[in-house]
Amino acid sequence: MFKLDIKVKNFIKSTFYVCIVSLFAGMGGYLLGYNFLAFFLLFAAIQYILFSAISSLMISFFVEKTKQKELDKLESLSTILNCAYCNQPNLMTFLPENTSRLELECDSCKKKNVVTIGFTVARITEMVNVPSVTGIPLEKI
Ligand SMILES: [Zn+2]
């Protein structure tokens, strides 16, 4: 409900501005000896076309950015796996929402591979308290 109010408000505001600008354009046209209403309508139409073009451009720009972000996220979840049949490398992307059995269709031999995920553990690298070049010892964080 609140969101709708903002939309309605914005619509009224932009329509108001369009009307004001068109009014001035119409008056200018009238002073130059042209039809007031024709100028008014012409400028209103031009503004609506311009604004809708700008807004659609903005939307497509943001959609593109969001898509790129999603792709960047997926990139970290991708790996190259060799096919178990022909040993050809294949790019595999793990989707977090994919809870079913992981399968990979080989790009070259079209056979299906079952992918198993293994977890490994490692120690976190700890800072060694070695004096730096300037003689000031490194502090532990
Ligand atoms: Zn293969």
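Modeller: Happy to. One term first: two strands pair if DSSP finds at least two bridges between them. Helices (H or I, at least four residues) and strands (E, at least two) are themselves DSSP runs, numbered from the N terminus.

Colleague: Thanks. And what am I looking at, and how are residues numbered?

Modeller: This is a predicted model, where local features need pLDDT of at least 70, side-chain atom pairs count only at pLDDT 80 or more, and totals for chains, interfaces and linings use all residues. Residues are numbered from 1 along each chain as its sequence is written.

Colleague: What average pLDDT does the protein chain have?

Modeller: pLDDT is the predictor's confidence in each residue, from 0 to 100. The protein chain averages 84, and 85% of the residues score at least 70. Confidence is lowest in α1, at a mean of 85, and highest in strand β4 (residues 112–114), at 91. Where pLDDT is low, the predicted coordinates should not be read in detail.

Colleague: How many helices and strands are in the protein chain?

Modeller: There are 2 helices and 4 strands, in the order α-α-β-β-β-β along the sequence.

Colleague: Back to the pairing, then. How do β1 and β2 pair?

Modeller: They run antiparallel, with 5 bridges between β1 and strand β2 (residues 89–93). I80 stands opposite L91 in β2, and T79 faces M92 there.

Colleague: What share of the protein chain counts as buried?

Modeller: Of its 141 residues, 4% count as buried.

Colleague: Which residues are buried in α2?

Modeller: F39, F40 and F43. Helix α2 is hardly covered, with 3 buried residues among its 40.

Colleague: How far does α2 reach?

Modeller: Helix α2 (residues 36–75) spans 58 Å from its first C-alpha to its last, close to the 58 Å expected at 1.5 Å a residue. The expected span is 1.5 Å times one less than the number of residues.

Colleague: And where does F24 lie?

Modeller: F24 belongs to helix α1 (residues 2–31). It counts as partly exposed because it has 13 C-beta neighbours inside 10 Å. The C-alpha atoms of F24 and F43 are separated by 9.5 Å, with the two residues 19 apart along the chain.

Colleague: Switching to the backbone: which phi does N87 have?

Modeller: N87 has a positive phi of about 65 degrees, although it is not a glycine. Most residues other than glycine have a negative phi. N87 sits in the loop between β1 and β2 and counts as exposed because it has 10 C-beta neighbours inside 10 Å.

Colleague: What about K110?

Modeller: K110 also has a positive phi of about 65 degrees and is not a glycine. You'll find K110 in the loop between β3 (103–105) and β4. With 10 C-beta neighbours inside 10 Å, K110 counts as exposed.

Terms used:
Buried ≥ 20, exposed ≤ 12 C-beta atoms within 10 Å, placed from the backbone.
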